[in-house]
Structures are given as C-alpha cells and as structure tokens.
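Here is a set of questions and answers for a reader who is new to this structure.

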Amino acid sequence: MAGDALWYEAAQVVGITNALNVAADGLGAAGLTPVNPETAAAEVRAVFDEIRAFFGGAAEVPAPFRLIAHDAGYLADVWGAARHAFADNRLPRRLKAALAFAVSLTSRSPFGSAFYLAEMRRLGVTERGVFEVLGVTQMFSSYTKIADTLALEPDMGDIAPADPSPAPGG
Amino acid sequence: MPTVRLRDASEYPAAVRKMFELSREWFNHDFKEPPAMSRVMAWDPGFGAPHGRAMKRAMAPGEFSRGEKEMVAAVVSGVNACHY
C-alpha cells in the first residue's frame, strides 16, 4: 500500500461513504420522502439507471440517491463523485466496498453497514472475508479508543516513507 | 501529553520485553523505543496478550492482504478521529 495515490483513493471512499450514509440514515429517519423512480423527471431517471447498473443491476436505487434526487443537478454531481470513488482504479472495487463497510460499521450507519455488506458479497467477498474486515474494524476500534483515552502521541510516522511524486499533472 | 507515564522498554520484565521484539518484527521497523501503543498494551499482559493475538489473527493475510487490512485499519482510525 505504498504511494500516496492509493491513500487519496481510500480517503475519497471514506468521504463519499459518509456523505451517502448521512443522507440515508439521517434524511430517511427524518421522514423526507425519497424520489420515486417511476415518476421522476427524465434526467433523474437517467442517473438512477446509471446507479442501478453500477451496483450490479440493482432492483432498487439505493436510498441516499433517491433521497437527494429532489435536485437533479445535485444528484448528478454526487453520483459523479460516488461513481468515481467506488470504481476500480488503483484500488479494486472489492477493497473499496470493504473500506466503505468498515467506515459504516465504525460510524454506526445502519444503511451503510447493510448496503456495503451486500456490495462486498456481490463483488465476491466470502463470509471469511467479511469477518476479516469485521475483525480489523473491531480491533482498531479498540486500539483507537485506548490510544485516545491515554492521549497517546503519534510515534509511528517513520514506518512509511514519504511519497516524493508530484500531484497528477504536476 | 499522555495521561500516563509511558515506561521505557527497559522498565518492563524480560518476558514482556520479548513482546517488544515481536512488535519490531511485526512492523519490520527498528524503533528506538517500542511504539507507545505496544508499551501500553504490555502494561497488563492479561489484557494485552489476548488483545494482541486477536489483532494478529485479524491482520493476517487471508482473503484480504495484510496491506489491504492496514488500509482498513487506517480508515477505521480516521473515522474514529484517532490522533495516534
């Protein structure tokens, strides 16, 4: 996992996962009505079709996208960022689903935990793999709280060498 | 500043210092002092030993590589806003 590019990709997954979970768990619980794909405007339906295809021909558009689809332009932009973040790139999609699952568990997102568990399975992760991710999530949820309780200061920064490469296009 | 005084490795009993050697091997890095977390976990081997074994089981290569699991761990730490 050397090189900053991998970590930029991981950070994108963390960010957009939180953004989608906030909408699904917060707006859904608050009672905001999701957009019905059957009656949505054509431009919204087109985005919904892309989303369904991206997630393996899902029967339903995932909740966070339906909840934010009241503004077609906003939906398209959020989806553009999400598609980019979750697509195969330097990090494979299967690992990105695992990262999103770990993020969702850690942030106690009912939507995200269920959705990315299903995504991991759809992308070929077995029960063994699921429990591997769960184990790492659980252990580091413990370590981080022990470290924070004792206010430990970072002392492991030298393990990974700095990446001297410039920004893309630089 | 830590809320406890972190003991130097030399202050720990010999048996516990062996855990620090395992820690060095685990990270494949020659620390001047074992990481603070390693020293904290070594304070009470009754907790630190099984916790450490559970961590090593969780981090062992399987369906996901050690590197991939390190990334999952980093993400969990980030979401927990862990400064360490």
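On a 1 Å grid over the protein atoms alone, a pocket is an open set of points with protein on both sides within 12 Å along at least five of seven lines, a cavity is a set of points where a 1.4 Å probe fits but cannot get out, and lining residues have an atom within 4 Å of a point. Grid points are joined across faces, edges and corners, and a volume is the space filled by probe spheres set on the points. The model is predicted, with local features needing pLDDT of at least 70 and side-chain atom pairs pLDDT 80 or more, while totals for chains, interfaces and linings use all residues. Residues are numbered from 1 along each chain as its sequence is written, chains are lettered from A and ligands numbered from 1 in the order in which they are written, and side-chain values use heavy atoms, with hydrogens and water left out.

Q: Which element gives the largest share of the lining of the largest pocket?
A: The largest pocket has a volume of about 1,600 Å³, and among its 48 lining residues the closest to its centre are F140(A), M156(A), I159(A), F27(B) and E70(B). Helices (DSSP runs of H or I, at least four residues, numbered from the N terminus) of both chains contribute, since α1 and α7 of chain A and α1 (14-27), α2 (36-42), α3 (45-59) and α4 (66-79) of chain B each supply at least two lining residues. The largest share, nine residues, comes from α4(B).

Q: How many nonpolar residues are in the lining of the largest pocket?
A: In this classing, Ala, Val, Leu, Ile, Met, Phe, Trp, Tyr, Cys and Pro count as nonpolar, Asp, Glu, Lys and Arg as charged, and the others, Gly among them, as polar. The lining of the largest pocket has seven charged and 10 polar residues, and its nonpolar residues number 31.

Q: What area do chain A and chain B bury between them?
A: Counting contact as heavy atoms within 4.5 Å, 46 residues of chain A are in contact with 43 residues of chain B. Buried area is the accessible area (1.4 Å probe) that two parts lose on being put together, summed over both. Of this area, 73% is on carbon and sulfur atoms, and the total for chain A and chain B is about 3,900 Å².

Q: Which residue of chain B forms a salt bridge with R94(A)?
A: Side chains of opposite charge can pair when their charged atoms come close. A salt bridge is a side-chain nitrogen of Lys or Arg within 4 Å of a carboxyl oxygen of Asp or Glu, and the count between chain A and chain B is two. In one of them the closest N and O atoms are 3.3 Å apart, and the partner of R94(A) is E68(B).

Q: What is the volume of the largest cavity?
A: The rule finds one cavity of 30 Å³ or more. The residues F54(A), F55(A), F86(A), R93(A), A97(A), Y116(A), E119(A) and L123(A) line the largest cavity, and α5 and α6 (110-122) of chain A each give two or more residues to this lining. The volume of the largest cavity is about 40 Å³.
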